[in-house]
Amino acid sequence: MTKRISDLPPKLVGEKILSKVPITSLREVRSTCKSWEALSKDWIVGKEAAARQQYLGFMTMDSEVCSVRFHLRRKEEEEEDLVDLSIKQVALLDQVEISKAEPFFHCDGLLLCVAKDNSRLVVWNPSLGQTRWIRPRTSFHRLDRYALGYDMHNRNHKVLRFLDYYHYKERKHLFGFEIYDLGSNSWRVIDVRPDWEVDSHQRGVSLKGNIYFFAHEKIGVDFFAPLPQGTLVQDTEHFQDITEDFQDFLLCFDFTTERFGQRLPLPFHSYNEETVTLSCVRDEQLAVLNQKDEDRFDILEIWVTTRIEPNAVSWSKFLSVDMRQLPGVVGTLMFYCENGSFFIDEQEKVAVVFDVDENEPTTETARYHTAFIFGDKGYFKSVRLGEALNVGCYPDRLGYIPPVYQPALVCPSSYLPSLVQLNHTPKRKERDDFINHYDFHL
């Protein structure tokens, strides 16, 4: 008797097929048969998925959007570690022309992306292949910051857009805080007057529907009361002291109350130009990486929260690494303040940090995207992901064009596929314009 595909043992299908399918192919696999559809609800979004100790997410690398799957099994000293790191380019996002220079904003299995021309946002459910385009209330700005979260009362998803920047040359304050409600398909302005700043390279991290930022107090200037004409921030009294010893903290935006919470303490104090990057562990704990500028960035620490709420936090140290003692690395491995996106593997007690490897011998001119794996007891391993493109194009005063590399940016948290429906039905004309412009079907 010929066996059908639906006759395969459920555990075999889950472990060998569903758990290994690329994120963007889940919809096709789930439609194979009714039994696979039922199994997917457990192995893709249920308890079996939550129990698997692997990272599943997205990254941008040299202007390409990729899905990432990572699993590490550390062996005994005499055995070779098993590192399973697979990267697959996502073609759908090429068709809808999102900005590959901007990071993703991940929440609840949905991803928020910025259109290539900065005219619209798109919320994307990779596992269902659904998208929702969002137009601005007036217009978007290239310096806008975004975040995605949801209301804890009704699970309604929302987008936060904010801009707080003073253009000194034009003496113009660019400012605005808005919320987009996916349920009502509308924008509204919220009243915020911040006494803090979030640096442009800092990416917020979503946790339990809220968004958390690494922030610091405003440095010497109230943008609502600009300095007299001709005065620069650098000319203000004690500016150097302020930049070296300003207060830094964690800041939460609560999507339920639509308010920023109080300043939350970090387990360290960072100084100007030190590396501080946020990530999270599942949807339960926040994680923060800090590479200290004590002596040429010799110490890297990672902390995770033992308690995290919009107005309360406590921390525990996850990992401390002496960057001078890494096997096979000459000098100190340093992650610049704009870099160092990472995720944590709890089971193997390692952190995987992404950057461009610049510690090769001087005879080697190429640089490589690299995943640096740090663990306890001095564990260290690096995995090359491919040669990095030199995007340098601006010459210095002598006409020399220095090399510039853009490190890979990984989603701060592991992606758990979602069954959230982006069930907005556009008007016929809007839908036809969309299909004709992007040449693919919804």
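A cavity is, on a 1 Å grid over the protein atoms alone, a set of points where a 1.4 Å probe fits but cannot get out, and its lining residues have an atom within 4 Å of a point. The model on display is predicted: local features need pLDDT of at least 70 and side-chain atom pairs count only at pLDDT 80 or more, while totals for chains, interfaces and linings use all residues. Residues are numbered from 1 along each chain as its sequence is written, and side-chain values use heavy atoms, with hydrogens and water left out.

**First stop: the largest cavity**

The structure holds 4 cavities of 30 Å³ or more. The largest cavity contains about 90 Å³ of space, a volume being the space filled by probe spheres set on the points, with grid points joined across faces, edges and corners. To display its lining, select Phe104, Phe105, His106, Ala147, Leu148, Arg203, Gly204, Val205, Ser206, Ile211, Pro412 and Ser413.

Colour this selection by class, with Ala, Val, Leu, Ile, Met, Phe, Trp, Tyr, Cys and Pro as nonpolar, Asp, Glu, Lys and Arg as charged, and the others, Gly among them, as polar. The lining then shows 7 nonpolar, 4 polar and 1 charged residues. Next, switch to a cartoon, where strands (E, at least two residues) are DSSP runs numbered from the N terminus. Strands E4 (105–107), E8 (145–150) and E13 (205–207) each give at least two residues to the lining of the largest cavity.

**Second stop: the sheet E3-E2-E1-E25**

Two strands pair if DSSP finds at least two bridges between them. Select the open sheet of 4 strands in the order E3-E2-E1-E25, whose pairing is antiparallel. Its edge strands, E3 (82–89) and E25 (409–410), each pair on one side only. Within this sheet, 7 bridges connect E1 (residues 55–61) with E2 (residues 64–73). Zoom in on Tyr55, whose bridge partner in E2 is Phe70.

Begin at E17, which 7 bridges join to E18 (residues 285–292); Cys280 stands opposite Leu286 in E18. Then move to E19 (residues 299–309) and E20 (residues 312–322), an antiparallel pair joined by 10 bridges. A hairpin links E19 to E20 through 2 residues. Finish at Trp303, whose bridge partner in E20 is Lys317.

Conventions: 1 Å grid on protein atoms, 1.4 Å probe; cavity = no way out; pocket = protein on both sides within 12 Å on 5 of 7 lines; lining within 4 Å.
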